[in-house]
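Please have the viewer open as you read.

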Amino acid sequence: MAGPGRPRAFDTDAALDAAVEVFWRRGFAGASLTELSSAMGINKPSVYGAFGDKAQLFQSALHRYVERNMGYVTDALEQPTARECAQAFLTGNARAVTMPGRPAGCLSVQAVATPDDSGEYAVLARNRATVQQLFADRFRRAIAVGDLPADEDPDELATFLITLSSGFAIRAADGTPRESLLASAHRAMSAFPSTAT
């Protein structure tokens, strides 16, 4: 472990990317510290020194994952209409969970095997809840400006999107091809309300 003032002899981002891969493929419980440190290319004392314990490393890895793999969420939220927002989110998600060269599925859905798996399930659930709230707020604004009908429920619409995206992640991990998920995203839009007139 580097002493005070000495630079780390490893690339923090590259190490976190390696940890993301391990957690994504093995889950929190299945990823041993030995496997993590080996993939990250650093010894266990350096892992502890740089990232803390396994739970803290997982939280850092999740943050890195969101930074690198969930830009489509921000892109979707910036679309000019609620309908375009929903469509961009679903198609962006379908592409993200089937990205060549990366594990199929989504870290935030697959990293924890069961809801009883320590506090990591709560961390992932909070991440999904945060994204859901962003969409609910976006749809609430759409109703306020007349982009969506006044009788629509923004929370229900946001729940619909997050439920679909979680399903896409599971199906991608099962081997469902991107084209099939994109077709499902397109079909799901028939259930999304049209722009208010």
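## Salt bridges

In this predicted model, there are eight salt bridges. One of them pairs Asp17 with Arg64, where the closest N and O atoms are 2.7 Å apart. Asp17 belongs to helix α1 and Arg64 to helix α4, so this pair ties together parts that are 47 residues apart in sequence. As a general point, side chains of opposite charge can pair when their charged atoms come close.

## Helices α1 and α4

Helix α1 covers residues 12-30 and helix α4 covers residues 54-69; their axes come within 8 Å and cross at roughly 105°. That angle makes α1 roughly perpendicular to α4.

On the α1 side, the contact is formed by Asp13, Leu16, Asp17, Ala19, Val20, Phe23, Trp24, Phe28 and Ala29. These meet Lys54, Ala55, Leu57, Phe58, Ser60, Ala61, Arg64, Tyr65, Arg68 and Asn69 of α4. Sorted by class, the contact of α1 with α4 has 12 nonpolar, two polar and five charged residues.

What does the UniProt record place at residues 32-51? The unreviewed entry lists a "DNA-binding region" there. In the model, that span is 80% helix and 0% strand, and its end C-alpha atoms lie 15 Å apart.

Now for helix α2 (residues 33-40) and helix α3 (residues 44-51): their axes come within 9 Å and cross at roughly 85°. The two are therefore roughly perpendicular to each other. Leu33, Thr34, Ser37 and Met40 of α2 make the contact with Lys44, Val47, Tyr48 and Phe51 of α3. By class, five of the residues in the contact of α2 with α3 are nonpolar, two are polar and one is charged.

## Helices α9 and α10

From α9, the contact draws on Phe160, Leu164, Phe168, Arg171 and Ala172, while α10 contributes Leu181, Ser184, Ala185 and Ala188. The residues in the contact of α9 with α10 divide into seven nonpolar, one polar and one charged.

Notes. Residues numbered from 1 in each chain as written. Predicted model: local features only at pLDDT ≥ 70, side-chain atom pairs only at ≥ 80, totals over all residues. Heavy atoms only, no water. Contact = heavy atoms within 4.5 Å. Helix = DSSP H or I, 4+ residues; strand = E, 2+ residues; numbered from the N terminus. Nonpolar A, V, L, I, M, F, W, Y, C, P; charged D, E, K, R; others polar. Axes fitted to C-alpha atoms, helices over the stretch in contact; angles between N-to-C directions. Parallel < 35°, antiparallel > 145°, perpendicular 65-115°, else oblique. UniProt positions renumbered as here; feature names shortened; annotations may be inferred. Salt bridge = Lys/Arg side-chain N within 4 Å of Asp/Glu carboxyl O.
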